[in-house]
Amino acid sequence: MRPARWLFTSVLALSFMFAAAQEGPDGKGLYDANCAVCHGATGQGSVGPALAGNSNLTDPDYHIRQILRGGNSMPSFAKSLSDDDIAAIATFERTSWGNDFDPITSEQVAAVRAGGSASSVKADDTTAAQVSAAEPVVVTADFAVEPARLEDGNGMTLYIFHNDSLSGTSRCAAPCTTHWTPLIAAGAITAGDGIDAADLGTIARGDGTSQVTYRGWPLYLSAADSAPGDTAGAGTSAMWDIATPGMAVIALSMTPTTVPAAAEGGGEAGAPATDNPPVTPIVYQGTYEPVTNERLLDPAPGDWLMYKRTYSLQAYSPLDQINVDNVADLVPVWSFGTGVSDGHEAPPIVNGGLMFATAPFSTLFALDVRTGDLVWQYKRELPSDVAPEVCCGMVNRGVALYGDKVYLATLDAHLLAFEATTGELVWDTTVEDYLLGYAMTLAPLAIDGKILVGASGGEYGIRGFVAAYDAETGDLLWKTHTIPGPGEPGNETWPGDTWKTGGASIWVTGSYDPDLNLTYWGTSNAAPWSGALRPGDNLYTASVVALDPDTGEIRSHYQYVPNDTWDYDEISDQTLVDIVRDGQPLKGLIHAARSGNFYLLDRTNLDFVYGTPYMEAEPMTITGFEADGRPIIPEEHRPDIGKSVDVCPALGGANNWFGLAYSPDTGYAYVPTSESCMRIEGGEADYMAGQTYMGANFSIYIPDDLDEAGALQAIDVATGEVVWKHRQQMPVRSPAMVTAGGLVFGGDIFDRELRAYDAKTGEIVWRFKTNSGVLGVPVSFELDGVQYIAVEAGHGAIAAGDVALAAATYGVPFNPVSGGAVWVFALKSAR
Amino acid sequence: MTSLARFLLTRSWVRRNLCVAIAAIGLLATAAVEAQTGPVTWELRVCADQDNLPYSNRAGDGFENRLARLVAEELGADLTYAWMPLPRQGTDAELMLRLGECDVLIGAADGQEPFLNTIDYYSNATYFVTRSDGGATIESLDDPRLLGLQIGVDRGGPLDFALRSRVPQSNLHHYLASDGADAILRDVAAGRLDVGIVRGAAAGYFAEAGATPMTVAPVTPEIDIPFLALIQPITMAVRRGDDELRDLLNRAIAARWSDIQALLDEYRVLRPAVTAPRPALGTGVPDGALLVGVVLPSQTGARPLLTENFEQLADAARRGAVLADELLGDAATAPLRVLLTSAPTPDVAERAARRLVVADGASALIGGVGDGQAARLATTATDLMVPFINVGDPAPELRQGVCRSTTFSIAPGVDDYLAALSDSLNRADPHAVAIVHLDTPGGQALRERLLLAMARSSASALPVHEVAVEPGQPYYGAAFEAVRASGSDAVVLLLTTDEQLVFLGQYEAAGIGATIFPFPDPGTQLRQYYWTLRADAPTTGATPRFAAWDAAVASTSFSAAYRSRYGQQADAVAWVAYTAVQVVQQAAESSRTDGIGLVRALARTDVDHALDDGMTNARMGADHQLHAPIYTLRLTPPAAGARFQLADITELVGAFTPFGSEVEVCD
């Protein structure tokens, strides 16, 4: 960053002086009484977010509104505090602990309370730019100067802001408005000399006022001008220019066609969330049985109510209408085009006659299971600057159901609740600030009235967490960081402040054991990528952690990769299995690791039972295990700054996000597998909020001696032995699902197929070519006595790149077809 | 091909590409509306910083602005700008150039992927800057005094890395491009830094201008261990594939060398001495050679950009044109040279076309691959009074004879393809035919033309069943049922390239016996596509296919030369582009070689054009369509053990020479 060191010191000093001069004792007193319990005595944050250095405070409207309305588990103070009180508290917060934001007056609070904006009130700075409400606004062309320019009725020069052309809305909000005053039309607008009235118009500003436009350009006055004819504003920024009578009509046809769901507009970057886009509710005629705890704990055989059907994440359906003998008669019933490109990874989740399928760009469809008709849909209006904060594809992995609601986690790190049958948005909670690199792609997990989520961001130096929200209200119940803070056990595995930006993000749904009352979550790589920059084990990165779902307390952990320096996220399924091993029953947890090892742990305390390689490329990074389960990693497998090593698998992993399926009938885990290696060298990285924080050089390859880079394989969990392995040239980068009918279903990115394998032998017994690469979680459910198979198809996301690499390696032409769809299949005879 | 791009580019590239594309598009809109280009001018469009003196700003005060003006003046061009985002980030310049927002970057380090660089016109060296009253004059990175000083340096550059191994991290202060070129200097002047390390341009421009006296000394050593070069040659950069523009700029840089150096002096750009280049001006172009401009959206980087944008087709066409230059260029009569340009969008295609004709003196244009490119090149060529030879677009609107008097097509048009398809259908003699078409105005129009073609080619009327489908349908089950129910034993597939692939993949499994007659959308004539189809639909893929050319056509000088030069067999579009150059040359042999002369000669319908297939004499029709054969092929089944050979996967079944359609009334 810039020489913040010195500037910061001087700002600190200034702000303390400022606070002393401006602040009566009541601001601090009121803060201590009302706010400190959540935000900390020094604004450092605890239950509530930190206020020291909180960039949201830049916007006085947001700040005042937050105090007035509350939300996100913060109470509303609209009734209990007066405008004076709130102004005092807000001003104290804005000028303390190093904050240096403009103070707030009680007039401004009153304006926001009345539904207006703080920026419409200027307590002590009445400039010629002020436009009183009653006066008509005049826009005049002045041809006496060269070049001709636009002026207001007082002869003050008018300006335009080039950023406004991106959306046709005003991109100038606080603090921009302290330098540029929007030309507000309170009364009539008059076209002065040389102006065609048809060129004048207004747009609505975020605070509800109307701003005058000329040829579509919102007009502003500059605070730098003090007298008619001044043009001092022109020199202050390259993004501002004097408005001219001849300027071109603002071009608004700039819809980004490559981002189907990210519509233009959608409010100012970094501003608090604007109103949500309209949903189009259609009356759903069927009944909707609420999703209760009981149904989630013990689903009917025909239910598929969550990510991988059960809390165990087994992706196992006890239905057997479709089986090895009749699967040849499996045919499509309907397909639904999502109209969205990029990787479709979600399972279509079904309750009765309603299906909830998500698509990339945080898009959600409610479909009529019987017909495939759209009941309602929600397309998130993502901020245009969200894409840089998402590392690996604008994907979504599905919804959670609870009660009569549907829960969606979005790429801009919000958690949303919808009424299931109408699509009405019930609440919208900000989980994190997406501009810091937090993005949410996972399916939320509903446990006993709580909705559990985490966020990705391991490439952006975030500090990972699991958080639980009240399913009814969206209030935050607890939030547990997956990197311990100072004083917490494990913090000593991080040197200095590295724990603050160490990764351990959460981006695949966790599992849950109701008997042990523990929920298990896998964590991502450590950040930055080079382990040499943060010597130590770096708990709990590349680990599984067991949390008490009532409190969020971490009860136990196992670290798959200490001091990760290979980008080995171990986020995928931590699948719960109850098996008999060596004659003893075992409450097991299995995991097909990104590092290429298959693990069995004892889930009561996360003790290591075994780890065994399930890939073939060599040398594997992890060469074995100590007796206590700590992986053995030779020094020559560890890259460093200036030291490159060749290890397998490559950072994409032998398995990535898709995990495995487990059948209690066979006792086998079905593991999609791919082979790869990489040459990787450590690199330096500087942390900057919201920027990638990686710093390694790598190249990925498939070893020459491997003719096949992919497999779907069955591993006997009790022994760790591979029972069968269906090899194929292309990597298998799609999730699997297994049924009591003895079938394993899984997709293929390369040839666009959904396939069924014999669960006992691995023989392919059915295949169907869809519209696009299949990388979604297949599901099975029953309705009206018919068993269905459903899956999403839609090529994209970074994992699809592994297939492109294999195609290039083997010299196979690869013509991916883009386009997303939900597919539903059933037996011909059953319908 | 987006997946390939997404993966193989680094993650950070991937995460940025969408947003930058959007930002770039937005900025284009805000860029000032610059001078209108008329028929006799051309536009030199430069991507530049809005506020980054001494390099560039919106007012044009930077030395890169002045350099751009100088080059534009030398070349007789209208200079326009596309402004880069504020703050500019790492890949913005690359993306804007590749997306076609502009054609030139003025200051680019030599050898930086994926650009094509001109000769370098100065070297970017770095300098230590200290306050003159501060005592310490630092001249070497290895000066031990650096250990105790506060040092400012650009983040992530070679100097940053050279320093990280030498001085404590806490003494290093990193600056970003968005901080402004003078940020380090200001902090040195204000005493916040002891030493600044800055590029020569900023060192000279700001150090002497400021109120605080500064001492400036070149950084040594010039090469850090092991290979870290601390001096970068600076060039102008164009898109990969824009060879012609690179050559033009090289000529301008050489011609104005002393002016450029004087300008750098005026801005006090500190730099090591560089000797004047001697670019090979006009080497090897025979006197009076015919210059043929090629305008194609070929691939501009190691991976394709955001979407499938015809890059495969364009690259194949480009190879065909290059081969024509090689084989035909030095002919005794009408020697020619092919000038290659890269045009990702129709706007860029128009700029390239104007430049080719106005600045280079090209008298014919070849292109027409990619959405909207043929239509734009057709109107531009009319403005410029040169012939446009369409090698990629089958649209009927381009084949209006005198109504589009300067447009000629070597690529077969829709009507020619449908005539060949109807002829083949006729020979198959089905009982009934099902027509699968899009339920869109375009789809309806294509169906109408098919019905006309069928009526022309067949004496007896065939029962026809129509099956309308939606664009981009995931599943064609209902269409299959309609085909089955109709009892048709032939299906004409009027879908786009990708839709055909999805349809045929599912049709294979649906077990319907009816033979498929696919419309040969240009994308379906790529050999890569053949391979995928053969794997996806081994049975239905083996039914007749139609193409403007195939490697299975009897061995010719073209096929042999193509194979030996590129190590692969030619795609149809490569043959078409090769033939386009050849036909222009044949026209030039019998006429003046200016644009009007060529238009007249090409429009003659009574001249035989001998093609390089060794057997065909083709004639231009009144519709300005060259009536060359359309081939009927069959994909051979995959041979065991030879899974990935692209060679010999087709068999030639027949050939059909269309007669052309009637010329429609001018719009």
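## A hairpin in chain A

L415(A) stands opposite T429(A), a residue of strand β20(A). This is a predicted model. The strands involved are β19 (residues 414-419) and β20 (residues 425-430) of chain A. They run antiparallel, and five bridges join them.

Together, β19(A) and β20(A) make a hairpin. Five residues lie between the two strands. In the turn sits G423(A), with a positive phi of about 80°.

## A parallel sheet in chain B

Chain B holds an open sheet of four strands. Their order is β22-β21-β23-β24, and the pairing is parallel. Why do β22 and β24 of chain B each have one side without a neighbour in the sheet? β22 (464-469) and β24 (515-518) stand at the edges, so each has a single partner strand. On average, neighbouring strands of this sheet are turned by 20° against each other, direction ignored.

Take one pair from the sheet. β21 (residues 433-438) of chain B pairs with β22(B) in the parallel sense, over six bridges. A434(B) has H465(B) in β22(B) as its bridge partner.

## A helix on the sheet

Helix α14 (residues 441-457) of chain B packs on this sheet. Which strands does the helix touch? The contacts are with β21, β22 and β23 (490-494) of chain B. The direction of helix α14 makes about 150° with that of β21(B).

## Chain B as a whole

Chain B has 20 helices and 29 strands. Of its 667 residues, 54% are buried. Now take the contacts in chain B with a separation of 6 or more: 72% of them join residues 24 or more positions apart.

Notes: Residues numbered from 1 in each chain as written. Chains lettered and ligands numbered in written order. Predicted model: local features only at pLDDT ≥ 70, side-chain atom pairs only at ≥ 80, totals over all residues. Pairing = 2+ DSSP bridges. Axes fitted to C-alpha atoms, helices over the stretch in contact; angles between N-to-C directions. Contact = placed C-beta atoms within 7 Å. Buried ≥ 20, exposed ≤ 12 C-beta atoms within 10 Å, placed from the backbone.
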